[in-house]
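Open the model in your viewer and keep the selection tool ready. The stops below say what to select next and what is there.

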Amino acid sequence: MNVEELVRQSLREQAGEQPPVDTGFADRVLAVRRRRRTRRIASVAAATAAVVGIAVAVPLLDRGEGDARPAVGLGTDGVQAHPDQSPPRDVIGAGQTVLAAHYTSALRVRSEKRGTVERTYWLLDARTGMYKKDTRWSFVAVAPGLRTAAVLERGLPAHRIGLLDLASGRVERWIQVQHGVGGLAFSHDGSRLVATTYGEDPDLRTKEKMQGPDGPVWQWNSAYGRSSRSGFYVLDVAHGTGSWSAVPSDRTINARQDFAFSRAGDRVYAQYVGGRDGLQQFYSLDGAKTAAPADEKHLRSDVPARLSPDGRLAALGLSREVDGDPGRSYSSILDPRTGKEITKVRGADLLAWADDKRLIAWERVTGLDETYRPRLVLVTLGSDKVVPLSGVREPDEDILRQKWVPVFARR
Amino acid sequence: MDAEAQDGFRGFVESRSSALLKTAVLLSGGDRHAAEDLLQNALIKAAGRWQRIDEPEAYVRQILYRQQISRWRLKWPRREVSVADLPEPAGDPDASAAAELRLLMRGALARLTPRQRTVLVLRYFEDLPEADVARILGCSVGTVRSTTHRSLARLRALAPELRALDPGAATARPAPSRDFSPMEVR
């Protein structure tokens, strides 16, 4: 037997193992066809599968005329909006949440075949209320309260974590670490940090020859399927003490796949790649795989807003789109315990809760058949109204050069 | 699409979708969810032209193949992709060596680029001659031949155990064993 014959046998064996398609597949296809328009962005296309089977009825929504407020400047309800600014120059916020920083990223070529995608941060200067460029950092996580940020210097993985005083712009303390760190996230109460450790720079790219439709093409690739992630530290911010836990890497994670705390802070989780988008694996603080907390098992790792401040609602992904000028997107709000949809709320990508009834989201300003161009908006449960918070973010030129990405923190 | 056409479409999907899904699974490197997604997209396209299609199955298959290798997939590398682990070596010493090799092969096939995998599925699962593969994929016979050759070389590089099957290849210079999977997955 030669390789060709083995290919033939393996393919036939694999094909023969497939169970039949579910009954009703044709109706599912027809239903999706009715709803779908040409998708121009990957996230929307990937979310389409999730639309199947979800009731499309949207609860009665008022049009929001009664709660219109000025969208510029500081509103009476703590809304700080600058819908003419992209990227934002002046503070943006709503309720208890503030855009604490934003960053762009771009490939920095190190040699003919190696490079790193580096971030450039703009941090909120609390005194002036403006975002100020700070090129010192590879990675920034802002603690609740907006007084402190945890930072990593250029050159990942880093062997010390800085605690930056956002008022003075100075690092007040360094936490030395033995294992190199590539990503940081604060616990919900801000008292602890989870620092994800990597053997090499998680933003490394190598130039590789790939087979494109029209012949070979050279692409800058990350190490998909062979991440150097090694584990995580859980650190007490006040004392700089903590411990490291190993988590073996496997082929289901991206090169950069940072950990974050569960709401209660008794576990950490990270995204992994599988049969659908937004999968998450939880770990105990000593690095053992564990089940999701009861109120987080229905969440998606790719929807940043997660649980509402009071923990009674869960923000999920895009579940409906309505064409128009502009198109309207709706995301699901679930009961976190049961996973049942309670309502839908405007917004294509729910980023952060402003309070228990309002969220900050990306929402498109274009029709469904046009290129996806979103802006930050404030959306309210039970209302169809969106309040623009930022200017329109133009599409990334390519995946190696990202336009601004928001970083939120609680006031 | 009128009611009659919808009935015809439903009948086609019910009778042929299981067979079509087998091909889609192979094209997707064994990822059933990705395969259903692929097939669903192909069927949606077919539904849009249903009353003008003479041979629905050939039409859907062509969409499957072309969709799998299309520029769109290359352009959006953050899209979810299948992740197939290489199978663990069989623990049972009596396990059939052939079955073990097939499992190894399956893992290696999952790590090819969609284009490489598609060409192998057409050549060795559908048993199509090179000229037909070229017609379906809209490329030259020479491209089919070179892609087939490179795909087989890549399989040998991914699973060196396969070289034992092909003594001629055992002495060949090994190709770099880098995984060419798309780069970042959301």
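**Stop one: an open sheet**

In chain A, 3 strands in the order E20-E21-E22 form an open sheet with antiparallel pairing. Strands (E, at least two residues) and helices (H or I, at least four) are DSSP runs numbered from the N terminus, and two strands pair if DSSP finds at least two bridges between them. Strand E20 (314–322) and strand E22 (341–346) of chain A are at the edges with a single partner strand each, so one side of each has no neighbour in the sheet. Select strand E21 (residues 328–334) of chain A: 5 bridges join it to E22(A). A:Ser331 lies opposite A:Val345 in E22(A).

This is a predicted model, where local features need pLDDT of at least 70 and side-chain atom pairs count only at pLDDT 80 or more, while totals for chains, interfaces and linings use all residues. Residues are numbered from 1 along each chain as its sequence is written, chains are lettered from A and ligands numbered from 1 in the order in which they are written, and side-chain values use heavy atoms, with hydrogens and water left out.

**Stop two: strand E9 of chain A**

Next, select residues 158–165 of chain A, strand E9. Strand E8 (residues 148–153) of chain A runs antiparallel to E9(A), joined by 4 bridges. A:Val151 has A:Gly162 in E9(A) as its bridge partner. In the hairpin of these strands, E8(A) and E9(A), A:Gly155 takes a positive phi near 90 degrees.

Key. Buried < 20%, exposed > 50% of the residue type's maximum accessible area, 1.4 Å probe, protein only.
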